[in-house]
Amino acid sequence: MKKLLLFLFTLCACCGCGQRTIVRPLAVDRAVPLEGVVLEDSLFTSFAANLQVIGDYLVAIYLDTCTNQGHLYTKNGERLVDFCPIGKGPGDAIAASVVVPDRDTTTFWIYDAQVKKMIRWHLDSLLAGNRTPMEERVLDVPFFADEIFAAANGMAGLLRASIIPTRHADRFALLTREGEVKYRYDRFPEATDTIRMKSAWRSSSATLSPDGKRLAAGIRFGAILEFFDVEEETIRQRHIEYFVEPEFPYDQWGNPTDYEVITFGFGPLCASNKQVYAAYNGTKNFQKMDYLAVFSWNGASEAVYRTGVRFMRTAYDETTHAIFAIALSPEGEYRLMRFDLPLGTSSDTASGNAKP
């Protein structure tokens, strides 16, 4: 009997039993107002896919009226070059989904998730008016990767989970720069209903630290935030926080059947090497997403800000210590904005969820 109890105790310690019961709503009632600076009043688009800081510039992915998907801006909001139109030719993409910065801060890739195509550009060429990419490649990977990130020793992919009950599902993949799969991460947050958790994961966001060594992921149907170490051959979870458990009815495939009962959690994420910046909702109104929550990479809540706009995409800039964002105004206009972060903001003044 003693051996059995010891085994059960060891099993719980290894699997994190009990951690899931600690569900702590994010203290948005103590959020501090954070004003944003509008850099461009109106982006003529109905969808924004990604935003990244590349050196001294911003690269955004959204579909404009001329079917261009890539857009190069200064950090002051001046629109310089439009490129990467919809198509199947060189420099074209069917559905551009993410910007992947190279570590030289002068080149970057645009990833087309629909055809698993990566297209590389040089900033100087674009600034000179040359919209021809440096190179293109198709990733020969046996899965659908919604996003690709530049890890320290290769690439990391954000996968969309299958929610068929009998099928094993992966969430992340670690790849070489050529697209060879080195490792797959398949563990989900603990849940009494595995299908609901996998369904919630289908609406999630992720970000990589600029040094490529850490990964954060948050779900939108409910609010769970996870932190990982991205190593050379593996991805290891370092911390997890449960704020709102996913709760909604679903059909035989796991798809939600009633969205009005869902408490929406995390939206787009971005990060520095020290902190994670997460757009947050916390209500049953899917259109809000107007809070910006700041966490350490150990999961400590350090600040919560209230902005008054709906975050669609975000990117952190270390040079200016600011969040650049594509946001939806209360009037329904897409705007390019900058949110200057306070220096030395303590968790005592910005949030009620701080850890000692």
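Trainee: How many cavities of 30 Å³ or more does a search of the whole structure find?
Mentor: Two. Keep in mind that this is a predicted model.
Trainee: And what lines the second largest cavity?
Mentor: Its lining includes A151, N153, L174, K182 and E231. By class, there are five nonpolar, three polar and three charged residues around that cavity, and the space inside is about 40 Å³.
Trainee: New topic: in what order do the four strands of the open sheet come?
Mentor: The order is β2-β25-β24-β23, with antiparallel pairing. β2 (37-43) and β23 (310-317) are the edge strands, each pairing on one side only. On average, neighbouring strands are turned by 20° against each other, direction ignored.
Trainee: How many bridges join β24 to β25?
Mentor: Seven, between residues 322-328 and residues 334-340. For example, I323 has F339 in β25 as its bridge partner.
Trainee: Now charges. Which residue forms a salt bridge with E136?
Mentor: That's K117, with the closest N and O atoms 3.1 Å apart. E136 lies in β10 and K117 in β9, so the pair ties together parts that are 19 residues apart in sequence.
Trainee: Is K117 buried or exposed?
Mentor: Buried, because its relative accessible area is 10%, under the 20% cut-off. E136, at 32%, counts as partly exposed.
Trainee: What about R120, which residue does its side chain meet in a salt bridge?
Mentor: E135, at 3.1 Å from N to O. R120 also lies in β9 and E135 in β10, so this pair ties together parts that are 15 residues apart in sequence. Salt bridges with shared partners join D102, R120, E135 and R137 into one network.

Note on methods: Residues numbered from 1 in each chain as written. Predicted model: local features only at pLDDT ≥ 70, side-chain atom pairs only at ≥ 80, totals over all residues. Heavy atoms only, no water. Pairing = 2+ DSSP bridges. Helix = DSSP H or I, 4+ residues; strand = E, 2+ residues; numbered from the N terminus. Axes fitted to C-alpha atoms, helices over the stretch in contact; angles between N-to-C directions. 1 Å grid on protein atoms, 1.4 Å probe; cavity = no way out; pocket = protein on both sides within 12 Å on 5 of 7 lines; lining within 4 Å. Points joined across faces, edges and corners; volume = space filled by probe spheres on them. Nonpolar A, V, L, I, M, F, W, Y, C, P; charged D, E, K, R; others polar. Salt bridge = Lys/Arg side-chain N within 4 Å of Asp/Glu carboxyl O. Buried < 20%, exposed > 50% of the residue type's maximum accessible area, 1.4 Å probe, protein only.
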